[in-house]
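Here are my notes on the model you sent over.

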Amino acid sequence: MAAPMLEVMPGTKAHCKAKNQKSRLVGSRNVDTSIEQPGFDWKAFFKLLRPDLLYLISAVVCAVAAAVVNIQIPLVLGEIVNILSSFTRDAARDFIQEVRQPAMKMIVYYALQSVLTCTYLSLLATVGENVAARMRTRLFDSLLRQDIEFFDKHKTGELVDRLTSDIQDFKSSFKLCISQGLKASTQAVGCVGSMFVISPKLTVAMVTILPAIVGVGTVMGSGLRSLSRSAQEQLSKSTALADEAIGNVRTVRAFAMEDKENELYSREVEMARRINIKLGLGIGSFQGLANFALNGIVLGTLFTGGWLMSKQEITAGNLMSFLVASQTIERSLAQMSLLFGNVVRGMSAGARVFEFINSVPSIPLKGGKKIAFHSLMGNVEFENVSFAYPTRSEQTVLNDFSLKIRSGAVVALVGLSGGGKSTVAVLLERFYDVQKGKITIDGYDLKDLDPTWLRGNAVGYINQEPVLFATSVMENIRYGMPEASDIEVIEAATLANAHDFISQFPEGYNTVLGERGVTVSGGQKQRIAIARALIKNPSILILDEATSALDAESERIVQEALDQVIKGRTTLVIAHRLSTIRDADVIAVVSGGKIVEMGDHTSLKKKKGLYWELIRQQEIEEEINEFQKYSHF
Ligand SMILES: Nc1ncnc2c1ncn2[C@@H]1O[C@H](COP(=O)(O)OP(=O)(O)OP(=O)(O)O)[C@@H](O)[C@H]1O
């Protein structure tokens, strides 16, 4: 019977657009500022700072000392002005003689100030770099220890952003805070003190208006802080998007999605731009208002000071000193207001970094029982396991799932897509903990076994798309057992049917693979991955669709390698192509998170159940493939 045909007229466009066309960004497009932001963890920060405490204290002392010297300068300046003005009345005295002492004092202060500035800046640079490096390594360490669930929730770009720009922001804000903030605040306080000595009346008049200015500043500040957080979140989002597109550039190219990706990225960047402009306007207004207030103070000082001078209460030199001191305060406060935006940014960046540093995974990497190699039999059992992925807790993937794999047996899991086969594999690796029931190896609950031992020694995992690293073939295989010798690497490669093709590379085992191993074919990549899993000599092997991404010839070669390596090991094979599992001791058919049929190939085929259906389906697919292959003749 002829298949019904869809007639397409020339020039007709098929419109199959979804009603609400969505992108891969849906659900994460808007910055939700209502989400509670983490507070800055001072305790964790001081812990990081502790090794450099001596440097920091020295830097603080030098910064404060430089500020104190700065406070002295207006006083000496006042002294000089008083001498100068006395010469307008009585010019017969020796000017050099009288001005020498305050001038020398001034030179010493200037020299001291530059030495102190150089010292505290160098010390601060050291402390800043040390703290940032410590922060980076702690954060990276903490990220690598997080549950797999954590990586389901966070995008790679977002995490990389915390490692790079957040730490950079925090470091520069920290350095500025000490170098400029501390210096400026000491100067401001010190100058207020010396102004009080010069003229209490004038100082009191000036200081009374300060609380109002500080109050307005605080209110504006808290608004700017939350805006700054939103800006950073949004920027992380756009970085995550770019990271995903660049990291998967082949898929982007294959679907000709460059323009679409660019459009998506531009949209996110546009949002970041808008928030940042808003933030810039906020910081600008803040600084503008601060400048206005400070200039008002200068004018007020001149006015009040002039009035006091007219009443002979202060001298011209005193007013000069007062003005220079008030200008130093002005400069300091202006510096502090400039610093403000930076500190806001730095604090929220730091809070975000500490949030991840402090995040404790529910499955620790280490701790628990290790079964000695010679007594590890490899009996695996799933006992009434129920499981839902934490990010989708409402969807039960495994429902009262039970499966027993005796030591050395090859058990194949087959079934419809989405039935939960790969989930069985990731649970055996303990990437997630089950919510009900238990999984045991040789009778030990997986939760009582050391996870590092489990993944590093007991279980070998090979999946459909193994990821290799951008290093040599030798190092990629050694990744399975870092202490392995070159000979052991070659032995593993030989067992995995990989030695011959590796030897044919001009640089053999030293050939460097591209990022994620893009410079080798799928079949070669798979065999290197098999060697990498084999080198740790695991007792239990999981082959998750290990050959399904390969063409027929590569599949045959890789299958040959796998046949070799599964011998004597408990093996869980997850497969779509039923032809690859004909040698399995037991075939378990999974559907709806349960095993619905179990037996060997012949018995299952006789039952005419789901397995039989799958075989029929595959035969039909193979027929269609064959037909398509030759249809062009
Ligand atoms: N990390 C995850 N977070 C949330 N849900 C997931 C996750 N991984 C898989 N799922 C969901 O769990 C269900 C089972 O997926 P699983 O990968 O185990 O199926 P499968 O039988 O191996 O399918 P296939 O044969 O297509 O690989 C699916 O509905 C899938 O969408």
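The points below go from the whole chain to single residues.

1. Ground rules. This is a predicted model, where local features need pLDDT of at least 70 and side-chain atom pairs count only at pLDDT 80 or more, while totals for chains, interfaces and linings use all residues. Numbering starts from 1 along each chain as its sequence is written.

2. The overall fold. The protein has 19 helices and 10 strands; these are DSSP runs numbered from the N terminus, with helices (H or I) of at least four residues and strands (E) of at least two. Of its 633 residues, 33% are buried. Here buried means 20 or more other C-beta atoms within 10 Å of a residue's own, exposed means 12 or fewer, and partly exposed is in between, with C-beta atoms placed from the backbone. Among contacts between residues at least 6 apart in sequence, 81% join residues at least 24 apart; a contact needs C-beta atoms, placed from the backbone, within 7 Å.

3. The ligand. There are 13 residues around it, and Tyr389, Ser417, Lys421, Ser422 and Thr423 come nearest. A residue counts as near if its C-beta atom, placed from the backbone, lies within 6 Å of the molecule. By class the shell has 2 nonpolar, 8 polar and 3 charged residues. For the classes, Ala, Val, Leu, Ile, Met, Phe, Trp, Tyr, Cys and Pro are nonpolar, Asp, Glu, Lys and Arg are charged, and the others, Gly among them, are polar.

4. Helix H11. Have a look at residues 421–428: this helix gives the most to the ligand shell, with 3 residues. H11 is mostly covered, with 6 of its 8 residues buried, namely Lys421, Thr423, Val424, Ala425, Leu427 and Leu428. Arg430 follows H11 and has a positive phi, near 55°.

5. H5 against H6. Helix H5 (residues 156–198) packs on helix H6 (residues 200–208) at about 140°, with the axes 6 Å apart. Axes are lines fitted to C-alpha atoms, for helices over the stretch in contact, and angles run from 0 to 180 degrees between N-to-C directions. The pair is therefore oblique, the label left over once under 35 degrees is called roughly parallel, over 145 roughly antiparallel and 65 to 115 roughly perpendicular. H5 brings Val192, Met195 and Phe196 to the contact, and H6 brings Pro200, Leu202, Thr203 and Val207. That makes 6 nonpolar, 1 polar and no charged residues.

6. Helix H9. Does the length of this helix agree or disagree with its residue count? Its 53 residues (258–310) should span 78 Å at 1.5 Å a residue, and the end C-alpha atoms are 75 Å apart, which agrees. The expected span is 1.5 Å times one less than the number of residues. Buried residues of H9 include Glu261, Glu268, Phe286 and Thr301.

7. Two loop residues to check. Asp442 has a positive phi near 50° without being glycine, and sits in the loop between strands E4 (436–441) and E5 (444–445). Asn537 also has a positive phi, about 50°, in the loop between helix H16 (522–534) and strand E7 (540–544). Asn537 is partly exposed, with 15 other C-beta atoms within 10 Å.

8. Arg532. This residue is in helix H16 and counts as buried because 27 other C-beta atoms lie within 10 Å. Beyond its neighbours within four places in sequence, Arg532 contacts Asn476, Ile477, Tyr479 and Gly480.

Terms used:
Contact = placed C-beta atoms within 7 Å.
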